[in-house]
Amino acid sequence: QYALRELPQGATLIDAVRFYNRNYIPSSDAINISRALEQFLKNKEISSAKATIIKYKSIVTRFIQLHGDMMLSSYTHEHVNDMIANCTPAYRNNILRHLGAFFSWCVKHKHCGSNPCDGVAKAKKVQAPLGILSVDEVEYLLHYAEVEMPHIVPYLAVGLFAGVRPQEMLRMTANNIRNGYIVLDASITKTADARTIPIRDNLAQWLSRYAWQVPSDRQIKKCRAKTKTKINWSHDCLRHSFATYAYELTKDANLVASEMGHHGTKVFFTHYRALATPESGAKFFSITPKRKDSIHTPMQI
């Protein structure tokens, strides 16, 4: 009762608890944000991909530039809200995801008592329909590439029939294609989690005729430019097409999500299900090369 009487007029006990959590320094481990960022990034080098680490560093560094290099316990919801003000919904949520993960790590390691991102609302955004190539578009694209740009065929085939992310494919070598699988280790994958993707029969035919090579950004852009009147190009459409047609072929969301490197099926069911007709899965995975001769020594698929 005495403690309650000490509260300012209009304040509640929960207000006092929240104020205490923001300012409580739980141990001598309390440090300023720049020092915490150094430790956080060093820790993440073990478990996160390079691109993800760069994103963490960029967002937390910008936060420091806006609000100064203070003790972690000094930051509040207001500092976070200032940073995300006037951001697009997608960028707002991107900031909250990375900054929130950083402060959660700081709380876990007792560098501060609470996460200033907790309770800050994420933006609600309408998910735009993902670009899925039709079976006819895929056939046109691959057979155009066979004639005009054979060096880009394996890149297109692996993206379409194995769902490997574009940036992951750019880090692949021929050694990642072996024993009936595409084998991706932590140095290649976006999430730094190793995974293997079975090579389905039609992809095996493509890879037996075309040697794996990584195309340049210029070559990829040229392929898009040359086929744009026939192909409805959109962001990551090779991977999105794989996910859609693989589900129609297998009806196994857990299998497809695992092949794509997702943790669980939440992302899959949010974006990919029911975007193609049931019979289209079999048609998609029966697309094979028209060229019958091999242009290199066949790989051991």
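Which residues of helix H10 (residues 201–209) are buried? Keep that one in mind while we get our bearings.

What you have here is a predicted model, in which local features need pLDDT of at least 70 and side-chain atom pairs count only at pLDDT 80 or more, while totals for chains, interfaces and linings use all residues. Residues are numbered from 1 along each chain as its sequence is written, and side-chain values use heavy atoms, with hydrogens and water left out.

The protein has 15 helices and three strands. Both kinds of element are DSSP runs numbered from the N terminus, with helices (H or I) needing at least four residues and strands (E) at least two. Of the 301 residues, 43% count as buried; buried means under 20% relative accessible area, exposed means over 50%, and partly exposed lies in between, using a 1.4 Å probe and protein chains only. Among contacts between residues at least 6 apart in sequence, 70% join residues at least 24 apart, where a contact means heavy atoms within 4.5 Å.

Back to H10: its buried residues are Asn202, Leu203, Trp206, Leu207 and Arg209. They span an arc of only 165° around the axis, which puts them on the same side of H10; the arc is taken from the directions that run from the helix axis to the C-beta atoms.

The strands S1 and S2 belong to an open sheet of three strands, ordered S1-S2-S3 with antiparallel pairing. Strand S1 (177–178) and strand S3 (195–198) stand at the edges with a single partner strand each, so one side of each has no neighbour in the sheet. Two strands pair if DSSP finds at least two bridges between them, and strand S2 (residues 181–184) pairs with S3 in the antiparallel sense over four bridges. Val183 stands opposite Thr196 in S3, and Leu184 has Arg195 as its bridge partner there.

Next, go back towards the start of the chain. The axes of helix H3 (residues 33–44) and helix H4 come within 11 Å and cross at roughly 175°. Axes are lines fitted to C-alpha atoms, for helices over the stretch in contact, and angles run from 0 to 180 degrees between N-to-C directions. H3 and H4 are therefore roughly antiparallel to each other; that label is for angles over 145 degrees, with under 35 counting as roughly parallel, 65 to 115 as roughly perpendicular and the rest as oblique. On the H3 side, the residues in contact include Leu37, Phe40 and Leu41, and on the H4 side they include Ile53, Val60 and Ile64. By class, the contact of H3 with H4 has nine nonpolar, two polar and two charged residues. Nonpolar covers Ala, Val, Leu, Ile, Met, Phe, Trp, Tyr, Cys and Pro, charged covers Asp, Glu, Lys and Arg, and the others, Gly among them, are polar.

How do H4 (residues 50–67) and helix H5 (residues 77–84) cross? Their axes come within 10 Å and cross at roughly 105°, so H4 and H5 are roughly perpendicular to each other. The contact involves Ile59, Arg62, Phe63, Leu66 and His67 of H4, and His79, Val80, Asp82 and Met83 of H5.

Lys110, in the loop between helix H6 (89–108) and H7, has a positive phi near 60°. Lys251 sits in the loop between helix H12 (237–250) and helix H13 (253–260), has a positive phi near 55°, and counts as partly exposed at 49% relative accessibility. By contrast, His240 in helix H12 is buried, with a relative accessible area of 8%.
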